[in-house]
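Let's take a friendly walk through this model together. Please have the sequence and the 3D view open before reading on.

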Amino acid sequence: MKTTYREAIRAAMREALLGDERVFLMGEDVGRYGGCFAVSLGLLEEFGPERIRDTPLSESGFVGAGIGAALGGMRPIVEIMTVNFSLLALDQLVNNAATLLHMSGGQFNVPVVFRLTTGAGRQLAAQHSHSLEGWYAHIPGLRILTPATLEDARGMLGTALEDPDPVLIFEHGSLYNVPGEIADDAGLVNIDKAAVRRAGADVALITYGGTLPVVLESADRLAAEGIEAEVVDLRVLRPLDDAALLAAVAKTHRAVVVDEGWRSGSLSAEISARITEQAFFDLDAPVGRVCSAEVPVPYARHLELAALPSVERVVEAVHKVVGAGG
Amino acid sequence: MNGDAGPRVAADPAHARELLRQMLRVRRFEEKCVELYSATKIRGFMHVYIGEEAVAAGVLSTLAPDDAVVATYREHGHALLRGVDPGAILAEMYGYQEGCCRGRGGSMHLFDAGTRFYGGNAIVAGGLPLAVGLALADKMAGRSRVTACFFGEGAVAEGEFHESMNLAALWELPVLFCCENNLYAMGTALGRSESQTDLALKAAGYEVAAWAVDGMDVIAVEEAARRAVDAVRAGGGPHFLELRTYRFRAHSMYDPERYREKAEVAQWLERDPVSLLHASLAAAGDLPDTEWERVQRAVDAEVQAAVDFAEAGTPEPVEELTRFVYSERGAQ
Ligand SMILES: Cc1ncc(C[n+]2csc(CCOP(=O)(O)OP(=O)(O)O)c2C)c(N)n1
């Protein structure tokens, strides 16, 4: 059937709400307004204000309340409008959600799911555009998901709700309108493994989330010049699927990581390090990286575009690693 | 709504005419922004101030040039009335280097050092602690300046509001907190986000002097603001004004307005601060038609000049992308 990324997430929420009365959704403007990106549109009318709960502008409060409700036996889905606003709730996410199980010696697990919009590309400037999922992937105790396809938009939420521990799902703002076909019975998907989105033997392009379409387009461009790229969609940023990374490198001997996050102290650095640590002798060239420029995302269109990973920059990085070594 | 009659015309009709002119500048500028947004000249998120003009006009007319202003993402009007060049504001929204922030900030992030306009902040309540700090610096340096901080009633639910109220009161800082209560935070009505909807009472709970004002009556706003600013400047500590107003347009350019009734909007439109003051002045014989036409023409000319300036703008060279992440030593 036809769907969009936005509708797929809505369908996943609907299914979860219908299937488990402990599930409820809360966040700013998820109800009457219909969701700031219209993801939850219509859910209030179907499930009522108890389960589709509009919150005041109180990120730290309602994120913490989501954690508390999970401790109390509920299965909350907490929507945080954008990752930039999640910074107001960082204390609850990092000091409570991620630590309670460990600090309590295994007594208190926190089965809560957070949904956040992430990423740039819509000229929203430096307080609405950052990609901080890599930061969250630094935190032990959290599971970090980045659905990039309709199947994952449809399937990750349900699996995340079955997880006994806190899960953050990052939805890239540029994906909501992406249309496509999805199986009528599309359902839960694994939340452990990376996926190969395109097979190729010359170079591994490793990416996730909103950058996947850019990377797939780059792979097409490269194919036209005779370079076949294997495209790995990480899907899960924590815990990372090392086996998938190593398999791709063993096959292609060259890798480029494409990440909308900044380069310094980043997820791309972590991936590069893991490859170097575990597959150094498989490599024919140093691992390449394409990241966002080290600047708060600017408003002006041309500057924003120049700051973000692009097909041109990916192709250029591939030329470098393919040209290098033997 | 409080107050049923139209605004009282101040003792000084010339001054009332000036306030009307200032409100009209914002109204016409914002209408133009909406038009330019539809024409995709302006992009990103944009929030206009139409309906709320009396608040910024009344408060800002009471500030001195070396006072400071902190605002939100709905700040075109505040920037304009604070004296930021209209062309530079519009060029900013076009993303051009002639903009007040070289196109780095856009509609939600206008800044201007020359008028001590400290933004433009797209994080709800993010400006309040900054205002507290600006005032702290003034107090520590022994300057008698005031920092006016504007924010919506939605911000009152954030922890930063409460922490800022307490700090400002605890340290007796010269801040004027201006809460623009337009009844909705995006789609969330005040009564759905606050257990106590009397916002002045909340501020008073922190020992901040606080009162509510009819934010559709620019004369009343100015009177209240003057009283508060005078007290703050005289060392009376932070003050809080709850300015009761209404946003006539959608929250942003993407908002389908599912959360409020058209009838409610229509009812508030009858209290349009611009037409009400115009009507009072006209009725009192203090604003001849010819004069009003002249004012409108001048305001339209200002807006047109800003558009011309923005249209002639140029993009900053891409090579400069990573500037302004750190200060340029020696360049300051
Ligand atoms: C911390 C944070 N959370 C959420 C948002 C999204 N958001 C932007 S404006 C807004 C409503 C704010 O309402 P209010 O403070 O009353 O100001 P108004 O827009 O009515 O002027 C929301 C929820 C944000 N910008 N920052």
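## Ground rules

This is a predicted model, in which local features need pLDDT of at least 70 and side-chain atom pairs count only at pLDDT 80 or more, while totals for chains, interfaces and linings use all residues. Residues are numbered from 1 along each chain as its sequence is written, and chains are lettered from A and ligands numbered from 1 in the order in which they are written.

## The ligand

The ligand sits between chains A and B. Around the ligand are 21 residues, and the closest are A:Phe85, B:Val124, B:Gly152, B:Gly154 and B:Ala185; a residue belongs to this set if its C-beta atom, placed from the backbone, lies within 6 Å of the molecule.

By class, this shell has eleven nonpolar, four polar and six charged residues. Here Ala, Val, Leu, Ile, Met, Phe, Trp, Tyr, Cys and Pro count as nonpolar, Asp, Glu, Lys and Arg as charged, and the others, Gly among them, as polar.

## Where the chains meet

Chain B gives 33 residues to the contact and chain A gives 28 residues; two residues are in contact if their C-beta atoms, placed from the backbone, lie within 7 Å. On the side of chain B that touches chain A, 14 residues are nonpolar, twelve are polar and seven are charged.

## Chain B as a whole

Chain B holds twelve helices and seven strands, taken as DSSP runs (helices H or I, at least four residues; strands E, at least two) and numbered from the N terminus. Its C-alpha trace spans about 55 × 50 × 40 Å along the principal axes.

## Two domains in chain A

Chain A is split into domain 1 (2–181) and domain 2 (195–323), with bounds from an automatic or database domain assignment. The C-alpha centres of these two domains of chain A are 26 Å apart.

Between them, 23 residues of domain 1 of chain A are in contact with 23 residues of domain 2 of chain A. On the domain 1 side of this contact, α7 (133–136), β6 (143–145) and β7 (167–172) of chain A each supply at least two residues. The largest share, three residues, comes from β6(A).
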